[in-house]
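Work through the exercises below with the sequence and the structure at hand. Try each task before reading its solution.

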Amino acid sequence: MHVAPGQPLMVCEYCDAVYRRRTLARREVARCMRCGAILDRHQWLSLDKQFALIVAAGIVFIIANVEPIVQVSLGSSNATTTLWGAAIAMWNDQSQVVAVLAALTLFFFPLTQILIFGWLLAFARRGERAPGFRQAMVMLYYVRPWSMIEVFMLGTLVAVVKASSYFKVVPGAGIWSFGVLTLLITVFASHDARQLWHKTAGNNE
Ligand SMILES: [Zn+2]
């Protein structure tokens, strides 16, 4: 990474080498010259666009949680279930651990992530640090690896394909919403949350 005078400093997380930050071009990745670790990536979505994306994710998240994920028919009887219906059924079926894990990884962690990002970005797009910025960034760091919507998507697809050899299984709006949510979150996750530190630098919490 080249040194651009007058820019704020940045430190390699792995070897503590110090560099001056500069704006990266499209597809450009800044690597540490000493240890090769990635220091920074080009952020291809502005904060405004990231905010729009997280609001969209919030709306899709609500749809995903209230609409049925699958409809199963056997003969003339039909059954639909939402994510919550499935979690409650697992709870009642002696699978409390799985039910709690599903609720945490598919509901509480993604929700926390969407809310925190929404809160931080709403302020960051005006160049300000949201109240509680520091605590929110720390919480995000711990919550982020625990949202496992992609894993859920795969698991559900496998289950739907297997079940369809016994029953007539129709994917519901909920499952499509989870699919869209997976895409939105993947795009969003390509952005480094740490950028918020320097994008709002110089402004008090
Ligand atoms: Zn380094």
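A salt bridge is a side-chain nitrogen of Lys or Arg within 4 Å of a carboxyl oxygen of Asp or Glu. The model is predicted, so local features need pLDDT of at least 70 and side-chain atom pairs count only at pLDDT 80 or more, while totals for chains, interfaces and linings use all residues. Residues are numbered from 1 along each chain as its sequence is written, and side-chain values use heavy atoms, with hydrogens and water left out.

**Exercise 1. Salt bridges**

Task: Find how many salt bridges there are, and decide whether arginine 126 is buried or exposed.

Solution. 
Step 1. Applying the rule gives four salt bridges.
Step 2. One of them joins arginine 126 and glutamate 128, whose closest N and O atoms are 3.5 Å apart.
Step 3. Accessibility is sorted by relative accessible area (buried under 20%, exposed over 50%, partly exposed in between; 1.4 Å probe, protein chains only). Arginine 126 has 54% and is therefore exposed; glutamate 128 has 34% and is partly exposed.
Step 4. Another salt bridge links arginine 22 with glutamate 28, at 2.9 Å between the closest N and O atoms. Arginine 22 is partly exposed at 23%, and glutamate 28 is partly exposed at 24%.

**Exercise 2. A residue in strand S1**

Task: State where methionine 10 lies and how far its C-alpha is from that of arginine 20.

Solution. 
Step 1. Methionine 10 belongs to strand S1 (residues 9-11).
Step 2. With a relative accessibility of 6%, methionine 10 is buried.
Step 3. Methionine 10 and arginine 20 are 10 residues apart in sequence, and their C-alpha atoms are 5.8 Å apart in space.

**Exercise 3. Helix pairs**

Task: Describe how H1 and H6 are oriented to each other, then treat H2 and H3 in turn.

Solution. 
Step 1. Axes are lines fitted to C-alpha atoms, for helices over the stretch in contact, and angles run from 0 to 180 degrees between N-to-C directions.
Step 2. Helix H1 (residues 47-66) packs against helix H6 (residues 173-189) at about 155 degrees, with the axes 9 Å apart.
Step 3. Angles under 35 degrees count as roughly parallel, over 145 as roughly antiparallel, 65 to 115 as roughly perpendicular and the rest as oblique. H1 and H6 are therefore roughly antiparallel.
Step 4. For helix H2 (residues 83-92) and H3, the axes come within 7 Å and cross at roughly 160 degrees. H2 is therefore roughly antiparallel to H3.

Note on methods: Helices (H or I, at least four residues) and strands (E, at least two) are DSSP runs, numbered from the N terminus.
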